[in-house]
Amino acid sequence: MVKRVAIVGAGVSGLASIKCCLEEGLEPTCFERSDDLGGLWRFTEHVEEGRASLYKSVVSNSSKEMSCYSDFPFPEDYPNFVPNSLFLEYLKLYASRFNLLKCIQFKTKVCSVTKCPDFATSGQWEVVTLHEGKQSSAIFDAVMVCTGFLTNPYLPLDSFPGLKNFKGQYFHSRQYKHPDIFKDKRVLVVGMGNSGTDIAVEASHLAKKVFLSTTGGTWVIRRVFDSGYPWDMIFMTRFQNMFRNFLPTPIVSWLMSKKMNSWFNHVNYGVAPEDRCDHSTTPKRHDGGS
């Protein structure tokens, strides 16, 4: 009997999971709570519950050469670093090419996933879903959860004493969509992660003043690296990883500092990372809201 697999989420991972299941002769059913595929890469003007949120200008932080599915390269005319609208188009091309849409149930929320009473012998799961107000239950032999981890914002308000008396507006990057809200304002961006750096740069074009706050610092590198190649094609190779793992940590730290500071001296700008080996980011990377 054909094994049935429930897949939660029709984003990058969910689509790949459907395809792999079909290739293995399994029967996948993908549940997507929104009305379209794409997950993180589908921009909407409003924040949707249970789904990662993009701002309008998001561009992929890894190159198309390193971001594509291994059996389905990005179209040749796409830029090296892909805007979110084109990334979504690519995912739709992928779904169409491998006939994945037939396996997806849109506007269907997964309410619960529980082991069947006879799980010890059957290994089966009961999946309860909600579609247009109607609840349904089905039994599956396996469940793949492909919902990502960028849905719930981290907003530690207790870390900002006196915030109750603050007269301005504060919000998490999850709520950010366009830079217009910063026009002629003094803006503090807390966090020098991918989203924080993106938003600070955008705000600087419209705001009166922008401050970017970081506790641990970070390496800032260009998306276009040595010899005009994308940074990840140079930095994230098997050889480079083997080389870094082979050398003693102090030497790796020194080499990393030397390379990263070849663009500008991070110490001069107060952003040199405390951990010289593990912090690497680019000005246009996105992490879904850190």
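I started with burial: of the 290 residues in the protein chain, 38% are buried. A reminder to myself that this is a predicted model.

Next I looked up the surface. The protein chain has an accessible surface of about 17000 Å², and carbon and sulfur atoms hold 55% of that area.

Then I turned to the overall dimensions. I found that the C-alpha trace spans about 65 × 50 × 40 Å along its principal axes. For secondary structure, I noted 8 helices and 9 strands in the protein chain.

Among contacts with a separation of 6 or more, 57% join residues 24 or more positions apart.

I have 33 positive and 29 negative side chains in my notes, with the centres of the two sets 6 Å apart.

My last stop was a sheet. Which strands form it, and in what order? I read an open sheet of 3 strands, ordered β4-β5-β6, with antiparallel pairing. β4 (108-115) and β6 (134-140) are the edge strands; each has a single partner strand, so one side of each lacks a neighbour in the sheet. Neighbouring strands here are turned by 20° against each other on average, direction ignored.

I then followed one pairing in detail. β4 runs antiparallel to β5 (residues 125-131), and the two are paired over 7 bridges. For a handy landmark in the viewer, I picked T108, which stands opposite H131 in β5.

How values were computed
Residues are numbered from 1 along each chain as its sequence is written. This is a predicted model: local features need pLDDT of at least 70, side-chain atom pairs count only at pLDDT 80 or more; totals for chains, interfaces and linings use all residues. Side-chain values use heavy atoms; hydrogens and water are left out. Helices (H or I, at least four residues) and strands (E, at least two) are DSSP runs, numbered from the N terminus. Buried means under 20% relative accessible area, exposed over 50%, partly exposed in between (1.4 Å probe, protein chains only). Contact means heavy atoms within 4.5 Å. Accessible areas come from the Shrake-Rupley method with a 1.4 Å probe; for residues, only the protein chains shown count as cover. Lys and Arg count as positive and Asp and Glu as negative; His and the chain ends are not counted. The place of a charge is taken as NZ of Lys, CZ of Arg, CG of Asp or CD of Glu. Two strands pair if DSSP finds at least two bridges between them. Axes are lines fitted to C-alpha atoms, for helices over the stretch in contact, and angles run from 0 to 180 degrees between N-to-C directions.
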